[in-house]
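The sequence and structure come first.

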Amino acid sequence: MTIHDSFAAAIGNTPLLRLRDASEATGCEILAKAEFMNPGGSVKDRTALGLMADAERRGLLRPGSTVIEGTAGNTGIGLALLGASRGYRTVVVMPDTQSKEKIDTLRVMGVEIRLVPVVPFTDPNHYARVARAMAEAMNATEPGSAWFADQFDNPANRAWHEAHTGVEIWEQTGGRVDGFVCAAGTGGTIAGVGAALKARRRGIRIGLADPAGSIFAGYATTGEAVASSGSSISEGIGNSRLTANFTAAPIDVAWSIPDDESVPLLHDLLHREGYCVGGSSGVNVAGAIRMARELGPGHTIVTVLCDGGMRYQGKLFNPGFLRDKGIPVPEWLDAAFPTAP
């Protein structure tokens, strides 16, 4: 019998799932880390634990402190739940475009939420800058009372994935892994996992799957931080600026993935294989399929199913919303919502 004595102890060691359709279509073994099975429901539980454990070791967090972060939602959820288990209050600053489901989840947790308009990172009203300013103001009044997690640029993010997520993948595959593919928001996962895998075998290919409109794929391919064409409904991945965690990632190949390629894949994952996952997972699977086709049959590719799909029900499984965005709507989803416009 395995018994975990805390929220933190239940984070990680998620199963590795074989994605049947993607594997059969490519002749490769396409495997995915089931990160939606973390106790807070996403891969960002790992990020939250890595950031918080590092801050505690360095004396930046003390009993009764306030955790403050700028987030698209999942890191905030992870920090809030982990913080509750350790006696910290949480304040989250989020773009007001994020899903209602994630916002409501944070409210249920008692998190203080500040929603701000989407603006460039250079604007002082950018959500990450607002979060940093809030922490600085609290510490100016009462030193040490607040901690800004800084997931985008805090190296503890990628270090945790290197020490844990990457090692898990290596051990679960018995070292028989030829490529790893995932999207990046902060860059912590791809940088950490990439470093861990390449330290064990340099020839492992690390691939970036980037949503349309992000600068990451262009930077990884050409060295120029220029956004790809289009936009994406995916949340929490892609970026308009380079982050310290992302620039450390050992990326070999990158693709810009359009929504009309990635969203049908996540619909199929639900309807054909039983995995209800979010938009970033569709982008990841699309990237894994692209890598498999480039490498050819017989290879093993690992990717990440980052979170659950019901955090985005109003977008990913809303026929009217999908049609407005020019994304194909499967027949079974139309049948489920027959009155949708």
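Is the crossing of H2 and H6 left-handed or right-handed?

## Basis of the model

The model is predicted, so local features need pLDDT of at least 70 and side-chain atom pairs pLDDT 80 or more, whereas totals for chains, interfaces and linings use all residues. Residues are numbered from 1 along each chain as its sequence is written, and side-chain values use heavy atoms, without hydrogens and water.

## Helices H2 and H6

The crossing of H2 and H6 is right-handed (the near helix is turned clockwise from the far one by less than a right angle). The axes of H2 (residues 44-57) and H6 (residues 156-172) come within 8 Å and cross at roughly 125°.

In the contact (heavy atoms within 4.5 Å), H2 contributes residues including Arg-46, Leu-49 and Asp-54, and H6 residues including Trp-160, His-161 and Glu-168. By class, this contact has five nonpolar, six polar and three charged residues.

## The second largest pocket

The second largest pocket has a volume of about 160 Å³. A pocket here is an open set of points on a 1 Å grid where a 1.4 Å probe fits, with protein on both sides within 12 Å along at least five of seven lines; lining residues have an atom within 4 Å of a point.

Helix H5 (127-141) and strand E6 (146-148) each supply at least two lining residues (helices are DSSP runs of at least four residues, strands of at least two). H5 gives the most, with three. Among the lining residues are Arg-58, Arg-132, Trp-147 and Asp-150. The lining has five nonpolar, one polar and four charged residues.

Methods. Grid points are joined across faces, edges and corners, and a volume is the space filled by probe spheres set on the points. Ala, Val, Leu, Ile, Met, Phe, Trp, Tyr, Cys and Pro count as nonpolar, Asp, Glu, Lys and Arg as charged, and the others, Gly among them, as polar. Axes are lines fitted to C-alpha atoms, for helices over the stretch in contact, and angles run from 0 to 180 degrees between N-to-C directions.
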